Amino acid sequence: MSTLPASERIEIIHHKDRPTIYDYIPMLFDEFCEMHGDRLYGDDHAIIGGIANFRGIPITVIAQVKGRNLEENKRANFAMPHPEGYRKALRLAKQAEKFKRPVVCFIDTPGAFCGVAAEERGQGEAIARNLLEFSRLKTPIISIVLGEGGSGGALALGVCDELAMLENAVYSVISPRGFASILWKDASREKEAADRLRITAEDLLELGVSDATIEEPAGGAHNNPQQTAENISEYLYGALQKIMKKEVAILLDSRYNKFRKIGQFEEA
Amino acid sequence: MLEDLFKVVKFRAENDTRAEKKNKVNIPRDLLFQCPRCGNAMFMDDFVGAAKVCSNCGYHSRLTAKERLDMTIDKGTFVEYDASMTSKNPIDFEGYEQKIAQLQEKTGLRDAILTGECNIRNKHCVIAVMDSHFMMASMGSVVGEKLARAFERATEKRLPIIVFSASGGARMQEGIVSLMQMAKTSAAVARHSDAGLLYITVLTDPTTGGVTASFASLGDIIIAEPKVLIGFAGRRVIEDTIRQRLPDDFQSAEFLLEHGFVDMIVERKNIRRTLSRLIRLHTKEANR
């Protein structure tokens with residue numbers, strides 16, 4: 001397993017050939033049937049979703065989209081969803097609940113989009129609603145951070161029974177740049193912030209946020225996407241086997257407790 | 001034509017600066033209150049007498065949690081929960097303990113929220129009040145834990161819960177642990193809601209970031225105070241993204257009402273009556 005500091009992992013996940021969900025879908029699933037729209041406003045290309053056949057198990061896939069080139073990135077708004085993206089995710093999650101399919105979320109976003117339209121359509125409400133509804137969704141949920149887990153925009157797909165991170169992925173409350181500029185009033189200390197913020201897969205395991213780390217080939221996922229996909233597939237199959245056996249009431253209790261116990265405080 | 005337009009804007013901007021400078025001359029801070037929204041100056045005594053509401057534009061300025069409780073609940077009925085809870089330093093962020101200690105000294109609070117039980121015009125309920133004077137009421141472990149417990153106790157005792165929100169968002173100094181408080185509190189809201197119980201949020205100045213994106217937006221009924229700031233992303237972040245100035249009322253309570261994200265805007269002087277009425281309408285005997 002990697003011993004690289006967070007700042008070097010960030011360089012790996014920003015590598016231009018880093019595989020995205022578009023690369024993984026054909027390698028992970030035998031079939032994928034994409035669904036569009038939130039039924040309220042529109043279809044957000046920063047989050048895709050649909051039904052997949054994973055080793056014979058029908059699952060609902062919800063994923064944030066990093067583009068592989070400028071055109072794809074423009075279309076996917078550089079993986080920064082609007083409220084309709086989160087509402088599409090919720091609609092598909094509810095559909096999965098109805099048909100008793102597990103939900104698998106792939107997180108890869110710098111954060112929810114910050115813009116006028118996003119505020120007008122209730123970015124805060126959309127994320128909040130997902131946190132609440134995913135916490136009580138009566139079907140298994142697994143979330144995997146592929147690259148960037150950016151704050152509330154990532155958490156909106158991160159309320160789950162088990163969270164896994166790719167070895168070089170990071171997950172944080174604020175970008176290292178934002179952290180440096182707000183707390184140290186010096187955005188140029190971005191790298192230092194990255195290494196101090198505790199955002200790597202190992203940090204999150206230790207802090208009780210992540211449950212598993214998925215190994216990447218030496219140097220990062222781009223060096224062997226096929227191998228990375230196999231590692232994801234192995235993890236996912238094992239996790240699903242384990243979680244799908246649980247009764248719904250027990251599943252919901254342990255999901256509640258997973259988040260309930262995170263926090264560090266003392267009392268007299 | 002276009003040039004003329006720019007000239008006008010420039011002229012106005014100059015005028016504004018002058019007006020601002022004129023108002024700023026020789027104002028002793030403890031004697032006068034200057035409204036951050038409209039620039040109106042009021043004598044501090046008048047401002048406090050008016051429940052800290054601007055007499056000119058109606059901006060409902062920030063209160064301490066103690067002031068809020070005094071103004072809202074029946075005298076002597078507050079029984080505090082978890083009064084001694086204080087934060088640890090989950091990511092060993094340098095200076096965090098000292099900062100907490102300083103603020104505890106300065107504000108008399110242990111962290112950015114008070115929770116407990118009280119009566120509002122004889123209606124018993126659980127209440128949580130955030131205080132922006134404590135690290136801009138950012139949500140870390142203590143705020144998250146106290147809120148989760150408040151919701152759990154309200155669920156257990158089958159009580160309605162009222163949350164006065166105010167926050168700059170997640171507490172960055174606690175790293176990812178602060179982000180997870182959003183999930184923790186929202187899950188606690190879900191359980192209270194599943195038990196068929198009433199949750200009212202009152203959004204006060206400012207309610208932003210991770211708090212807007214979690215429990216504050218999840219009330220059965222969402223009330224906002226007039227003119228307060230409510231939003232997800234910071235105004236400056238958005239202005240930097242779109243490279244233009246946003247209108248003054250962007251992310252105001254009125255903007256949210258217009259876009260369908262709050263149920264009602266209620267003036268401070270009417271909040272007690274409104275809350276007790278709403279609680280009463282959620283009991284089986286609506287006349288009592």
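Here is a chat about a predicted model with chains A and B, on why its parts get the labels they do.

Me: Why is A:R260 called buried?
Reply: The cut-off is 20 or more other C-beta atoms within 10 Å. A:R260 has 21 C-beta neighbours inside 10 Å, so it counts as buried. This arginine sits in helix α12 (residues 248–260) of chain A.

Me: What does A:R260 touch, leaving out residues up to four places away in sequence?
Reply: B:A148, B:K184 and B:A187. Contact here is a matter of C-beta atoms within 7 Å. As for A:R87, it is 173 residues from A:R260 in sequence and 24 Å from it in space, C-alpha to C-alpha.

Me: How do you know which residues of helix α1 of chain A line one face?
Reply: Start with the buried ones in α1 (residues 6–13): A:A6, A:R9, A:I10, A:I12 and A:I13. Looking down the axis of α1(A), these fall within an arc of 155 degrees, so they line one face of the helix. What they pack against is β5, β7 (170–172) and α9 (190–196) of chain A.

Me: And what makes the buried residues of α2(A) a one-sided set?
Reply: Helix α2 (residues 21–28) of chain A buries A:I21, A:D23, A:Y24 and A:L28. Their arc around the axis is only 150 degrees, so they sit on the same side of α2(A). The partners of these buried residues are β2 (47–54), β3 (57–64), β4 (103–109), β5 (141–150) and α11 (225–244), again in chain A. As background, an α-helix has 3.6 residues a turn, so residues three or four places apart point the same way.

Me: Why is strand β8 of chain B described as largely enclosed?
Reply: Count its buried residues: nine of the nine in β8 (residues 199–207) of chain B are buried, so the rest of the structure largely encloses this strand.

Me: How do you know that β7 and β8 of chain B pair?
Reply: Pairing needs at least two bridges. Strand β7 (residues 161–167) of chain B and β8(B) have six, in the parallel sense.

Me: Which strands pair across the two chains?
Reply: Strand β9 (residues 265–266) of chain A and β4(B) do, antiparallel and over two bridges. Two bridges is what the cut-off asks for. In β4(B), B:T86 is the bridge partner of A:E266.

Me: How many residues of each chain are in contact with the other?
Reply: 46 residues of chain B touch 42 residues of chain A. On chain B's side, β4 (86–87), α5 (141–156), α6, α7 (209–212) and α8 (235–242) each supply at least two residues. α6(B) gives the most, with 14 residues. By type, chain B's side divides into 24 nonpolar, 17 polar and five charged.

Me: Which residues touch the most other members of the largest nonpolar core?
Reply: A:I62, A:L131 and B:I161, out of 153 residues in that core. Membership takes a buried residue of a listed nonpolar type, joined through C-beta atoms within 7 Å. Helix α6 (residues 176–194) of chain B gives the most to this core, with ten residues. As for A:L131, leaving aside neighbours within four places in sequence, its contacts are A:L155, A:A156, A:V159, B:M182, B:A183, B:S186 and B:S214.

Me: What about chain B overall: how many helices and strands are there?
Reply: Ten helices and ten strands. Buried residues make up 47% of its 288 residues.

Me: Where do the domains of chain B lie?
Reply: The domain assignment gives domain 1 (1–59) and domain 2 (62–280). Seven residues of domain 1 and six residues of domain 2 form the contact between them. On the domain 1 side, four are nonpolar, one is polar and two are charged.

Terms used:
Residues numbered from 1 in each chain as written. Chains lettered and ligands numbered in written order. Predicted model: local features only at pLDDT ≥ 70, side-chain atom pairs only at ≥ 80, totals over all residues. Buried ≥ 20, exposed ≤ 12 C-beta atoms within 10 Å, placed from the backbone. Helix = DSSP H or I, 4+ residues; strand = E, 2+ residues; numbered from the N terminus. Contact = placed C-beta atoms within 7 Å. Domains from an automatic or database assignment. Nonpolar A, V, L, I, M, F, W, Y, C, P; charged D, E, K, R; others polar. Arc of directions from axis to C-beta.
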